[in-house]
Amino acid sequence: MRNVGGSLRRPNVEWVAVTLLCVTLAVASAVEGWLWRIDQTIYDGVLTSWVSPPSDEVVIISIDDASLASLGRWPWSRRVHAALIDRAREVGASAMMFDVLLDAPSRDDPGADEALARAMRSFGRVVLPLSQATTGSVLSGEVLPLPMFAEAAAALGHDQLEFDPDGIARSVYLWEGFGTARHPQLALSLLRVVDPAVRGRYSQPAPREGADAQQWQRAGWLRIRFSGSPGSYIHYSYRAVLSGEVPAAALRGKLLLVGATAAGMAEAVPTPTSGLSRSMPGIEFQANVFDALRGNGVITPLPAWVAGLVAGLMVGGLMLVLLYADARIGLMTSFVLAAAALLLAALGVTVGGWWFGPASAVLGCMLAYPLWSWRRLEAAQRYLDAELIALEREGSPLGLLPDDSGTAAADPLEQRIRIVRQVAQHQRDVRRFIADTLEHLPIGVVVIDQLDRVILHNERARYLLRAFRSDALLAALRELPWPVYVPMRDGLPDLSGFSGIRQFELTPDKKRYLLVSVADLVTESSGRPGRVIGLADVTAMHEAQRSREDTMHFLSHDLRAPLASILTLIDGHQGEKTDWGAQIPRIDRYARSALDLADGLFRLVRAEGSDPKDFVELDLAGLVDSAADEVWPQAHARGIRVDVDTRDAETEEAIVRGDFSLLRRAVINLLTNAIKYGAANSTVSVRLSAEGPDWVIRVSDQGEGMSADALPRLFKRFSRIVEEGRDKPTGVGLGLLIVKTVAERHGGSVNVESELGKGSTFELRLPLRNATAQLVTG
């Protein structure tokens, strides 16, 4: 026997193993940065797709090829730079970043240095760069402007850029310096001059303890958001500004960033937004840094552990879905979570100002589905192999051994094909066995599929229906005298919405009685059910029932006559002194009990013998009112008010087919029962309502109710419920059985809801309200 427990536990163990593998890979790749190239590519794509517009306040003054051709070879006289600064002051420029290193005195014109320093002091808002000093390939210090320029400048700042391992400049360090990170970035220095309040967001970090004073130190690393591809900012030629060709209005109130853009002279910086176009000049990179710092366009990468946690949670959530969902949902969830990781990265850059590398989460999601699917396929293959072997060992339904002829194949696929072939033969044997068994059943059976075709039938069915072909059997079934209250579909009873088996006693002719059972045959592949119809000849039983009814009628008639005489004798001698006067109450009680028994038996026999063919259309509202009037004296004697509610019948006629006297007696029995067990001076309510295809009569009392274990005995013959602490009830226990019999003979049902201390509610449900005949024939 196979180890079922092991087969159930193994997929869970494999799920844990696959989950740990995928989560570990996702977290490790996020923490260690194994997929940094993919993350950088996604980051560049996001920046390129969602660029922020460049500030129109920033203007770049280009030391371009045209300026070199007009003003001569580089380096120019510093008097030229002084003239440019004077020009900026005259037109009312806001400030100037002069990205030219002024670390050596002018050799040809010593007075030019003083002129430039004087122009810078006069303007008062010029920012100068500093750089690293190298000896060979070793950093040895800082390259600062000459002291006269450093004193005249409004601020100094380093112009170092940070290149990622793929050679793309995406970030800067806000603070750098030899020995300690004390110099702000060049754009940050310009921000301090033009907007000190915003500059306050970026405070200088405290010096690191134990930092090497002989090394270049950096702090405050961050990525920046770019304002577009190279050339997005306004560019004016140095020569054009100096000669006055650029209108003063174009420079007034602007931030002038002066730097080299000429070929072979400018620092070319590849950026995420460069694409296939030219690299970005260093001065334009500084313009992007300034806009990012001022407009809060900096991007802070999430810590590696946070990125790993997010990736692990995504992969773990996907594995939970894969454990319980089917393959299609699992595949869709894999793509949705991968897309969610990419969307999270994009939203982080564009909205939140932070960066989450999604490659690890995407890798984990894309790896989890095929790995788990592979393990599920392995488990499914093992299960199918085990089931095929088990079926092979079962043999035929007649106990014959399986056919072992042929050579066992070495190929597992060939072995499975052989087993499937044997199992198919086994199924054919089972079908033949079922057909033979069905053929010899003592009752008739007809099975109809979803297309109303007869697919199975036996000899007994053919005999009872007097038909010997499939089409003739279906026609004979449709010609049976089905009750008029039963809804029909394609000439046969429609059991839609009814679970279980419906039974009908039909008379195809005056001599025979058939008990016909109808049940739906539901399959998952079709919403329209087939039907299974059973046929039993109950003519002999019907004759026996008729004989029993005659006997009961005779007994009840003979029993009523002497008992009625006893009551008459007692009533005639009331007030007279007799020797047996003390026995009168006992005689009275026995006589009335016998009379109740006779009445109950008579009504029960009449209910059981009712024929649906004799039913007529009747109005339930009038029937309920008549029953309430009948029990009024009993209710009045106990001070109970009978509340009748038939408002639903005012908007829709409460028409059903049935026997008026039987249905009236059923309602009277329910009301009598409610009055008997209800509390004195309380209310008994009877309500007629339409619910779906049924009319429902509910009778509720305010008595003590019944316990749950007593409810199943309510509708049994001679059953009376005696609760602890209560008086023994009167009656013979046939009233509710009569109600149940009447309800079932009318195609309905009776139910009860009761709870100790909360009273009871009886529900008499009768099918097919309104135009019953139209529903039957429609």
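A search through the whole structure turns up 0 disulfides, where a disulfide is a pair of cysteine sulfur atoms within 2.5 Å. C22 is in no disulfide, and the nearest cysteine sulfur, that of C365, is 9.2 Å away. C365 is likewise in no disulfide, with the sulfur of C22 as its nearest cysteine sulfur at 9.2 Å. C22 is buried at a relative accessible area of 1%, and C365 is buried too, at 0%. Here buried means under 20% relative accessible area, exposed means over 50%, and partly exposed is in between, with a 1.4 Å probe and protein chains only.

Some ground rules: this is a predicted model, so local features need pLDDT of at least 70 and side-chain atom pairs count only at pLDDT 80 or more, while totals for chains, interfaces and linings use all residues. Residues are numbered from 1 along each chain as its sequence is written, and side-chain values use heavy atoms, with hydrogens and water left out.

## The overall picture

The protein has 25 helices and 29 strands. Both are DSSP runs numbered from the N terminus: helices are H or I with at least four residues, strands are E with at least two. Of the 778 residues, 44% count as buried.

Take the contacts between residues at least 6 apart in sequence: 72% of them join residues at least 24 apart. Contact means heavy atoms within 4.5 Å. The C-alpha atoms of A536 and I443 are separated by 5.3 Å, although the two residues are 93 apart along the chain. Setting aside neighbours within four places in sequence, A536 is in contact with I443, L464, Y513, L514 and L515.

Two packed helices are described by the angle between their axes and the distance between the axes. The axes are lines fitted to C-alpha atoms, for helices over the stretch in contact, and angles run from 0 to 180 degrees between N-to-C directions. Angles under 35 degrees count as roughly parallel, over 145 as roughly antiparallel, 65 to 115 as roughly perpendicular and the rest as oblique.

Helix α2 (residues 36-49) packs on helix α13 (residues 327-352) at an angle of about 55°, with the axes 10 Å apart, so α2 and α13 are oblique to each other. α2 passes α13 in a right-handed crossing; a crossing is right-handed if the near helix is turned clockwise from the far one by less than a right angle, and left-handed if anticlockwise. The α2 side brings I42, Y43, V46 and L47, which meet L342, A346, V349 and T350 of α13. That contact of α2 with α13 has 7 nonpolar residues, 1 polar and no charged. In this scheme Ala, Val, Leu, Ile, Met, Phe, Trp, Tyr, Cys and Pro are nonpolar, Asp, Glu, Lys and Arg are charged, and the others, Gly among them, are polar.

Helix α12 (residues 304-324) also packs on α13: their axes come within 9 Å and cross at roughly 165°. α12 and α13 are therefore roughly antiparallel, and α12 passes α13 in a right-handed crossing. From α12, V310, M314, L318, V321 and L322 meet G330, T333, S334, L337, A340, A341 and L344 of α13. The contact of α12 with α13 divides into 9 nonpolar, 3 polar and no charged residues.

## Helices α4 and α5

Helix α4 (residues 78-91) and helix α5 (residues 110-123) pack at about 15°, with their axes 8 Å apart, which means α4 is roughly parallel to α5. α4 passes α5 in a left-handed crossing. On the α4 side, the contact includes R78, R79, D86 and R89, and on the α5 side D113, L116, M120 and F123 are among the residues taking part. By class, the contact of α4 with α5 has 9 nonpolar, 3 polar and 5 charged residues.

W74 and P75 are joined by a cis peptide bond, with omega about 5°. P75 is in the loop between α3 (65-71) and α4.

R466 is not a glycine, yet has a positive phi of about 55°. R466 lies in the loop between α16 (459-465) and α17 (470-478) and is partly exposed, at 46% relative accessible area. D490, another residue other than glycine, has a positive phi near 60°. D490 is found in the loop between β18 (488-489) and β19 (492-493), and counts as partly exposed at 35% relative accessibility.
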